[in-house]
Each structure stands twice: as structure tokens, then as C-alpha cells.
Amino acid sequence: MRRIRGGEGLDDINDELDEILDSVVENTRQATEAFFAAYDQNPDPKILAAWLQPRAWREIDYVFLLNEQIRRYGLAFERRHITLLAKQSFQEAEHYEMVGRAIESLGGKVPVSTPPQAKPWSDFLWDCLERHPLAAIAAWNCSETSASGSFEPTFRAGERHGFDEVVRIYKQIENDEKFHVGLGRQVLAAYAKTDTDREEILRAMRGMRDLAWKTFTPESVTQARSA
């Protein structure tokens with residue numbers, strides 16, 4: 001998903017982008033494994049529900065963001081990219097519903113406002129939208145790529161603890177995410193034209209690298225439950 005056809009706008013920075021994405025995937029994997037290591041010691045379904053809450057919020061926040069991205073900047077894109085971004089928005093809405101069902105099956109509540117532990121992530125994402133037409137795409141591309149580091153630890157833990165619904169839902173989400181991260185990279189490569197464009201993409205990716213993995217940690221659940 002890192003080398004796609006459709007544009008050369010990222011050629012000068014592809015290696016640096018790959019380093020950023022590799023590091024955030026690894027950070028997320030480690031954070032997820034740390035969460036489930038702690039969870040194994042106290043396997044309370046409501047703790048898992050609290051861990052999933054920022055995941056649910058990410059899904060619906062992406063819906064808001066993608067729709068606003070299309071409204072503000074979409075007519076500067078090819079029609080096919082507007083269509084594909086709209087398709088991603090629809091799938092993110094489906095994911096919010098799916099993760100919401102998983103949370104409710106565990107005895108938790110689905111967030112309808114930004115959870116405190118997700119606020120720095122959300123604030124940064126929306127700041128990127130204000131800064132540059134490609135910055136928010138770069139930020140969510142980094143964030144969605146980071147989530148891939150959480151899948152395998154989540155599948156193993158879900159199977160270990162018998163959370164079949166959580167595993168089923170996240171295997172479907174994993175399939176959709178491949179399309180999302182490929183689309184983001186394609187759009188960035190197609191429309192990055194200047195050094196300023198590339199600088200904004202790198203800024204957004206670096207900033208999201210430092211934030212995206214944090215809500216996967218055991219500490220994020222402690223913050224959520226004490227809020």
C-alpha cells in the first residue's frame with residue numbers, strides 16, 4: 001500500500017514517509033500488546049469497552065472530517081477521488097456502528113462526543129484540515145496506518161478471552177482499512193505539487209505519529225475511567 005500508481009508528488013519524500021509509518025505501526029503494536037498484557041491480569045469486559053471507545057470515536061470523526069474535506073477542497077480533485085473519499089466516509093460510518101455494537105456487547109457506552117483521551121488526536125486532525133488541503137489526508141492516513149499495528153494483538157486477545165464479536169468486527173475493519181490507507185497515499189501522490197505541499201504532508205504525518213498510538217495504551221483506559 002506504500003507504492004501506488006497515480007502520481008509522483010511524493011517521490012522525494014516516500015522514504016521518510018515510510019519511516020514515519022513503520023514507526024507508528026510498531027508503537028501501536030507495542031501499546032496494544034501492553035494493554036492486553038494488563039487486561040489478562042484483570043479481564044473485565046468493561047475495561048475492553050473503555051479501550052474501544054476512542055476507536056469508535058475515530059470512526060465517526062473520520063466521517064465528519066472526510067465530508068468536510070470534500071466540501072472544502074473536493075472540487076479541486078478529480079471526480080473519481082471525490083467518489084472514493086465519499087466511499088471511505090460511508091465505510092467509516094459503518095465502522096462506527098460496528099464498533100458501537102462491540103462496545104455495547106461488552107457493557108460499555110458508545111461515545112457521542114470526543115473522549116478525553118482522544119481529544120489531542122482529534123484536535124490535531126482538525127487543525128490539519130485548517131492548514132492545508134492535503135494535511136488532514138496525510139494525518140488520517142498516518143492514523144489509519146497506525147491502526148494496522150493493533151489488529152493482530154487484538155485478534156489474539158479476543159480469541160483468548162472469547163470475544164468472538166470483537167474479532168469478527170475487527171477482521172472486517174481490517175479489510176476496509178487496506179482500501180483507506182491506499183486511497184490516502186494515492187490522493188497525496190496525485191495532488192502534492194510543491195515543496196510546501198510536501199512540507200505540510202510531512203508535518204501532519206510527524207504530528208500524528210506522535211499521537212495516534214497513545215489511545216491504545218493501558219494508561220488511556222485509566223484516563224477514560226477516571227474522567
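## The crossing of H2 and H3

The crossing of H2 and H3 is left-handed, a term used if the near helix is turned anticlockwise from the far one by less than a right angle, with right-handed used if clockwise. Helices (H or I, at least four residues) are DSSP runs, numbered from the N terminus. The axes of H2 and H3 cross at roughly 160° and come within 8 Å; axes are lines fitted to C-alpha atoms, for helices over the stretch in contact, and angles run from 0 to 180 degrees between N-to-C directions. H2 is therefore roughly antiparallel to H3 (angles over 145 degrees count as roughly antiparallel, and those under 35 as roughly parallel).

This is a predicted model, in which local features need pLDDT of at least 70 and side-chain atom pairs count only at pLDDT 80 or more, while totals for chains, interfaces and linings use all residues. Residues are numbered from 1 along each chain as its sequence is written, and side-chain values use heavy atoms, with hydrogens and water left out.

## The length of H3

Helix H3 covers residues 79–105, and its 27 residues should span 39 Å at 1.5 Å a residue; the end C-alpha atoms are 39 Å apart, which agrees. The expected span is 1.5 Å times one less than the number of residues in the helix. Just after H3, Gly107 takes a positive phi of about 90°.

## The neighbours of H5

Helix H1 (residues 14–41) packs against H5 at an angle of about 30°, and their axes are 8 Å apart. H1 is therefore roughly parallel to H5, and H1 passes H5 in a right-handed crossing. The contact of H1 with H5 contains nine nonpolar, ten polar and five charged residues. In this division, Ala, Val, Leu, Ile, Met, Phe, Trp, Tyr, Cys and Pro count as nonpolar, Asp, Glu, Lys and Arg as charged, and the others, Gly among them, as polar.

H5 also packs with H6, at an angle of about 155° and with axes 9 Å apart. These two helices, H5 and H6, are therefore roughly antiparallel to each other. H5 passes H6 in a left-handed crossing, and the residues of their contact divide into twelve nonpolar, six polar and seven charged.

## The largest cavity

A cavity is a set of points, on a 1 Å grid over the protein atoms alone, where a 1.4 Å probe fits but cannot get out; lining residues have an atom within 4 Å of a point. The largest cavity has a volume of about 140 Å³, a volume being the space filled by probe spheres set on the points. Of the 15 residues that line this cavity, Arg55, Glu59, Ala147, Tyr170 and Phe216 are the closest to its centre.

H5 gives the most to the lining of the largest cavity, with six residues.

Notes:
On a 1 Å grid over the protein atoms alone, a cavity is a set of points where a 1.4 Å probe fits but cannot get out, and a pocket is an open set with protein on both sides within 12 Å along at least five of seven lines; lining residues have an atom within 4 Å of a point. Angles under 35 degrees count as roughly parallel, over 145 as roughly antiparallel, 65 to 115 as roughly perpendicular and the rest as oblique.
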